[in-house]
Amino acid sequence: EAGIKGAPSGDLYLKISVRDDKRFEREGYDIYTRAEISFTQAALGDKINIETIDGPMTLKIPSGTQSGTSFKLRNRGVTRLRGGGKGDHFVKVQVKTPTSLSRKQKELLRELDRD
């Protein structure tokens, strides 16, 4: 507010709290997320949508991807203060194993395993 009888204006103090976003984990300027993919996507490859702090983007999953593989999205992390560039965004994929298969699906998987 303005000062009394011509005195200088006072100071304004703000306290800002930022809640964590459960989709992202942050370490310094880097962001870490997880993505669940199907067995078929891991074996044959696919494109999946990933949510980044800048919005959605497409990530190409190469064929033969193993569970636990991490992909690096360059310059998709947190902006560096007083410096150039951004951190990176790392996506760790987890292959979802089917829990209930039909008899035909089981037989097809057994055939694949024989090769």
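Which residue does Arg-114 meet in a salt bridge? Here are some notes on that and a few other side-chain contacts.

1. **Before you start.** This is a predicted model, where local features need pLDDT of at least 70, side-chain atom pairs count only at pLDDT 80 or more, and totals for chains, interfaces and linings use all residues. Residues are numbered from 1 along each chain as its sequence is written, and side-chain values use heavy atoms, with hydrogens and water left out.

2. **Arg-114 and its partner.** The answer is Glu-107: the two side chains meet in a salt bridge at 3.5 Å, N to O. The term stands for a side-chain nitrogen of Lys or Arg within 4 Å of a carboxyl oxygen of Asp or Glu. Arg-114 is exposed, at 60% relative accessible area, while Glu-107 is partly exposed at 32%. The cut-offs are under 20% for buried, over 50% for exposed, and partly exposed in between (1.4 Å probe, protein chains only).

3. **The salt-bridge count.** The structure holds 5 salt bridges. As background, side chains of opposite charge can pair when their charged atoms come close.

4. **Asp-21 with Arg-23.** Here the side chains meet in a salt bridge with N to O at 2.7 Å. Asp-21 is partly exposed, with 32% relative accessibility. Arg-23 also falls in the partly exposed class, at 49%.

5. **Lys-72 with Asp-88.** In this salt bridge the closest N and O atoms are 3.5 Å apart. The pair links distant parts of the chain: Lys-72 lies in strand β5 (residues 70–73) and Asp-88 in the loop between β5 and β6 (89–96), 16 residues apart. Strands (E, at least two residues) and helices (H or I, at least four) are DSSP runs, numbered from the N terminus. Is each end buried or exposed? Lys-72 is partly exposed, with a relative accessible area of 42%, whereas Asp-88 counts as buried at 15%.

6. **The aromatic pair.** The count comes to 1 aromatic pair. Tyr-32 and Phe-90 form that pair, and their rings are stacked, 5.1 Å centre to centre with 15° between the planes. Tyr-32 sits in strand β2 (residues 30–38) and Phe-90 in strand β6, 58 residues apart, so to speak a link between distant parts of the chain. For the rule itself, rings of Phe, Tyr and Trp (its six-membered ring) pair if their centres lie within 6.5 Å; planes under 30 degrees apart count as stacked, over 60 as edge-to-face and the rest as tilted. Phe-90 is buried at 19% relative accessible area, and Tyr-32 is partly exposed at 30%.
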